[in-house]
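Please read these notes beside the model. They take up two residues and one ligand site.

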Amino acid sequence: MANDTMRNGGDLIAAGLLSPERESEIDEVAARYAIAVTSDVAELIDRDDADDPVALQYLPTVAELDSTPEERADPIGDERWSPVKGIVHRYPDRVLLAPLHACAVYCRFCFRRETVGPGKQALTPAELRAALDYIRSHEEIWEVILTGGDPLMLSPRRLAELIAALSNIEHVAVIRIHTRVPMVAPRRVTAGLIDALATDKALWVAIHANHAKEFGPAQCAALARLTRAGIPLVGQTVLLAGVNDDAASLERLFRTMVAHRVKPYYLHHPDLARGTSHFRIDIAAGVALTQRLRGRVSGLCQPSYVLDIPGGYGKVPLTPSHAEPGEVPGRWRVRDPGGRVHAYPPDAELS
Ligand SMILES: *Cc1c(COP(=O)(O)O)cnc(C)c1O
Ligand code: SF4
């Protein structure tokens, strides 16, 4: 399947995705950040639309060469919370485990863009054993989140070994896999891969998708194979300027997710990764967008809009409070989806 993937400016030009005069610019970007566009993704792109929301996520641009002073190599402070290679233990009850650093595609806004790429090392067998020993020896770890890179880029055999090793740790109740594979390389979601995910633990899969247009027939079929195997799916979206920063795009995306049994979980404010400022919008604009969705789409279609505080301080919701305490204890002022304020309990005066 590797020869299905375009990995440099020349490949993208040959596929008609970039114009030839951009080759030298793109080579400059490629020297800093990995490029990969699968043929499944290329098929979704409308070559006549300069603002195609799929193309904007994967096709390199010179804007990536501009870094702003607040941007950093490790935007969410993973390093600070890494006790052994491959593990990030920031919250007491859950850890990230990154067994490899390869992805099927390389997203231009990726928060780990300086640690993922084809040249970046996966954990060696000894490092993976050490990471598993760490999880084994910390009984407070209730959930293990496989991330990377993309864990579904492991071969079914290696994935099965990893899932079996985690499943054998008594205190681990939940295994979560964060992946883009079903959306960008849906043919990798084979019966063999699904067998590799079989476990008595609760195994959840978080699907990264940013636009309804990403849900082509092959992608939807891959999601159906996962849900038919009894695997619960949640959705992860990055709020991206030009891609999905309007209420209609977000509404369509979250409805499409729910219609394919993917519960929208997080809408991430983009992290301060280098060369990504052209993707970031103001938090106030992000909050206004999420406000517009409230009341307009089903509660199932509402993710939490979250910010991962730079420096490793954790994720927090950016939702403004809909309820404020009134002057009298036990009484509240509550804002409805249309912006009108009501007293709660209702017989109380607005204070
Ligand atoms: C995002 C993240 C998690 C998972 O957080 P949830 O809010 O449970 O989805 C865990 N550890 C780290 C270091 C993270 O960045
Ligand atoms: S799939 Fe995830 S980790 Fe890989 S490049 Fe995209 S955002 Fe980064």
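1. Where is K85 found? K85 lies in the loop between α4 (55–58) and β3 (87–91); helices (H or I, at least four residues) and strands (E, at least two) are DSSP runs, numbered from the N terminus. This is a predicted model, in which local features need pLDDT of at least 70, side-chain atom pairs count only at pLDDT 80 or more, and totals for chains, interfaces and linings use all residues. Residues are numbered from 1 along each chain as its sequence is written, chains are lettered from A and ligands numbered from 1 in the order in which they are written, and side-chain values use heavy atoms, with hydrogens and water left out.

2. With a relative accessible area of 46%, K85 is partly exposed (buried is under 20%, exposed over 50%, partly exposed in between; 1.4 Å probe, protein chains only). Not counting residues up to four places away in sequence, K85 touches L123, E127 and A131 (contact: heavy atoms within 4.5 Å). K85 and A130 are 45 residues apart in sequence, yet 8.2 Å apart in space, C-alpha to C-alpha.

3. T276 is in the loop between β9 (262–268) and α11 (283–293). T276 counts as buried because its relative accessibility is 2%. Leaving aside neighbours within four places in sequence, T276 is in contact with E71, R108, F109, R113 and D271.

4. Ligand 2 is surrounded by C103, V105, Y106, C107, C110, R180 and H208 (a residue is near a molecule if one of its heavy atoms lies within 4 Å of it).
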